[in-house]
Amino acid sequence: MRVYEVFVKKDGRNEFRHVGALEAATDELALVLAREVYLRRAEGDRLWVVRRDHVVAAPGDFVDPNADKPHRHHDGAAVAARRMAARQSPS
């Protein structure tokens, strides 16, 4: 038995979303099982079934270079403090 990850897309939306996983003996059986389990109530109209051993996963430290960029994600506190100080100082 192989493990498959199942993705579903509703027409008009841009992205597929992961809805779960299942085990099946063949690719064809995985498609049938995914349809019966995840699309019984018309939750989507597009279906992807991907063997888990074909998914390429990045190692844990792969995204570390992007974690240390606080200048890209700020809450505006520095700008608000600067504006508040400018309002309070005599001109």
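This is a predicted model: local features need pLDDT of at least 70, side-chain atom pairs count only at pLDDT 80 or more; totals for chains, interfaces and linings use all residues.
Residues are numbered from 1 along each chain as its sequence is written, and side-chain values use heavy atoms, with hydrogens and water left out.

The chain holds 2 helices and 3 strands; here helices (H or I, at least four residues) and strands (E, at least two) are DSSP runs, numbered from the N terminus. Going along the sequence, the pattern reads β-β-α-β-α. Of the 91 residues in the chain, 15% are buried, where buried means under 20% relative accessible area, exposed over 50% and partly exposed in between, with a 1.4 Å probe and protein chains only. Among the contacts (heavy atoms within 4.5 Å) with a separation of 6 or more, 47% come from residues 24 or more positions apart.

Now for the sheet. Strands of a sheet pair through backbone hydrogen bonds, either parallel or antiparallel. In this model, 3 strands form an open sheet in the order S2-S1-S3, with antiparallel pairing; two strands pair if DSSP finds at least two bridges between them. S2 and strand S3 (46-51) stand at the edges with a single partner strand each, so one side of each has no neighbour in the sheet. On average, neighbouring strands are turned by 25° against each other, direction ignored; axes are lines fitted to C-alpha atoms, for helices over the stretch in contact, and angles run from 0 to 180 degrees between N-to-C directions. S1 and S2 pair over 7 bridges, while S1 and S3 pair over 6 bridges. One of the pairings with S3 joins Val-8 to its bridge partner Leu-47. Helix H1 packs on the sheet and touches S1, S2 and S3, its direction making about 125° with that of S2.

What makes up the largest nonpolar core? It has 9 residues in all: Tyr-4, Val-6, Val-8, Leu-22, Ala-24, Ala-30, Ala-34, Tyr-38 and Leu-39. A nonpolar core is a set of buried Ala, Val, Leu, Ile, Met, Phe, Trp, Tyr and Cys residues joined through side-chain atoms within 4.5 Å. Strand S1 (2-9), strand S2 (17-24) and helix H1 (27-38) are the elements that give two or more residues to this core. As for Tyr-4, its contacts, not counting residues up to four places away in sequence, include Leu-22, Ala-24 and Ala-30, along with Val-49, Val-50 and Arg-51.

Back to Arg-2, which sits in strand S1. Arg-2 counts as partly exposed because its relative accessibility is 36%. Although Arg-2 and Ala-25 are 23 residues apart along the chain, their C-alpha atoms are separated by 6.0 Å. Beyond residues up to four places away in sequence, Arg-2 touches Leu-22, Glu-23, Ala-24, Ala-25, Asp-27 and Arg-51.

Arg-51 is buried, with a relative accessible area of 19%. Leaving aside neighbours within four places in sequence, Arg-51 is in contact with Arg-2, Val-3, Tyr-4 and Asp-27. The side chain of Arg-51 also makes a polar contact of 2.9 Å with that of Asp-53. A polar contact is a pair of N or O atoms within 3.5 Å; within protein, one must be able to donate a hydrogen and the other to accept it, and residues adjacent in sequence count only if both atoms are side-chain atoms.

Glu-5 is another residue of strand S1, and Glu-5 is buried, with a relative accessible area of 12%. Its side chain makes polar contacts with the side chains of His-18 (2.5 Å) and Arg-52 (2.6 Å). Outside four places in sequence, the contacts of Glu-5 also include Gly-20, Trp-48 and Val-50.

Finally, helix H2 (residues 77-88): is it buried or largely in the open? The number of buried residues among its 12 is 0, so H2 lies largely in the open. The 12 residues should span 16 Å at 1.5 Å a residue, and the end C-alpha atoms are 16 Å apart, which agrees; the expected span is 1.5 Å times one less than the number of residues.
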